[in-house]
Amino acid sequence: DVDECGTEMAHCRANQFCVNTEGSYECRDCSTACIGCMGAGPARCKKCNKGYRRDGAKCLGECPPGTGCRRPRVPCPSPACVSADVDECASAEEPVCGGAQEVCENTEGGYRCVCAAGHVRRDGQCVED
């Protein structure tokens with residue numbers, strides 16, 4: 001089998017990349033993060049598209065000011081992240097709430113520590129109800 005992608009035989013459009021197949025080749029679309037690419041995904045971009053910036057090898061989406069991100073212009077995994085809430089409770093490596101019988105409750109744009117079921121907060125501590 002000839003690798004058409006490695007020769008001048010493959011003819012893909014500007015925003016596509018070549019994938020060798022048995023006896024032929026396919027042209028596949030680049031990631032929306034890319035302007036031109038050498039393969040699949042945001043790490044194979046030749047140049048980052050508008051709304052994306054290079055972070056190491058990847059083109060990551062940027063959060064424009066006023067879109068709900070805590071800090072403007074922080075990298076995001078995709079343009080959709082600008083309105084997506086991050087679950088700090090689930091994404092933390094260690095428990096977010098350290099008090100006895102406290103559990104983390106995710107909120108839009110943050111979290112809060114609440115008492116576990118069957119417990120109430122008295123004098124800053126979670127005690128049995």
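A salt bridge here is a side-chain nitrogen of Lys or Arg within 4 Å of a carboxyl oxygen of Asp or Glu. Keep that cut-off at hand for the exercises below.

The model is predicted, so local features need pLDDT of at least 70 and side-chain atom pairs count only at pLDDT 80 or more, while totals for chains, interfaces and linings use all residues. Residues are numbered from 1 along each chain as its sequence is written, and side-chain values use heavy atoms, with hydrogens and water left out.

**Exercise 1. Describe the overall make-up of the protein chain.**

Step 1: Start with the elements, which are DSSP runs numbered from the N terminus: helices (H or I, at least four residues) and strands (E, at least two). The protein chain has 11 strands and one helix, in the order β-β-β-β-β-β-β-α-β-β-β-β.

Step 2: Turn to burial, where buried means under 20% relative accessible area, exposed over 50%, and partly exposed in between (1.4 Å probe, protein chains only). Of the 129 residues in the protein chain, 22% are buried.

Step 3: Look at contacts, meaning heavy atoms within 4.5 Å. Of those between residues at least 6 apart in sequence, 5% join residues at least 24 apart.

**Exercise 2. Find salt bridges and place their partners.**

Step 1: The whole structure holds four salt bridges. One of them joins R13 and D29, with the closest N and O atoms 3.6 Å apart. This pair links distant parts of the chain, since R13 sits in the segment before β1 and D29 in strand β2 (residues 24–29), 16 residues apart.

Step 2: Check the exposure of this pair. R13 is exposed at 57% relative accessible area, and D29 is exposed at 54%.

Step 3: Another salt bridge brings together R28 and E26, at 2.8 Å from N to O. R28 is partly exposed at 40%, and E26 is partly exposed at 36%.

Step 4: E102 and R121 also form a salt bridge, their closest N and O atoms being 2.9 Å apart. Here too distant parts of the chain are linked: E102 belongs to strand β8 (residues 102–107) and R121 to strand β10, 19 residues apart.

**Exercise 3. Which side chain of opposite charge is nearest to E4, and what does E4 touch?**

Step 1: Locate E4 in the segment before β1 (16–21).

Step 2: Leaving out residues up to four places away in sequence, E4 touches M9, A10, N20, T21, G23, S24 and Y25.

**Exercise 4. List the residues of the largest nonpolar core.**

Step 1: Such a core is a set of buried Ala, Val, Leu, Ile, Met, Phe, Trp, Tyr and Cys residues joined through side-chain atoms within 4.5 Å.

Step 2: The largest nonpolar core has 10 residues: F17, V19, C30, A33, C34, C37, C45, C48, Y52 and C59. Two or more residues each come from β1, β3 (34–37) and β4 (45–48).

Step 3: Beyond its neighbours within four places in sequence, C48 contacts A33, I35, R53, R54 and C59.

**Exercise 5. How do β10 and β11 pair?**

Step 1: Strands pair if DSSP finds at least two bridges between them. Strand β10 (residues 119–122) and strand β11 (residues 125–128) are antiparallel, with four bridges.

Step 2: R122 stands opposite Q125 in β11. Two residues lie between the strands of this hairpin, and D123 in the turn has a positive phi of about 50°.
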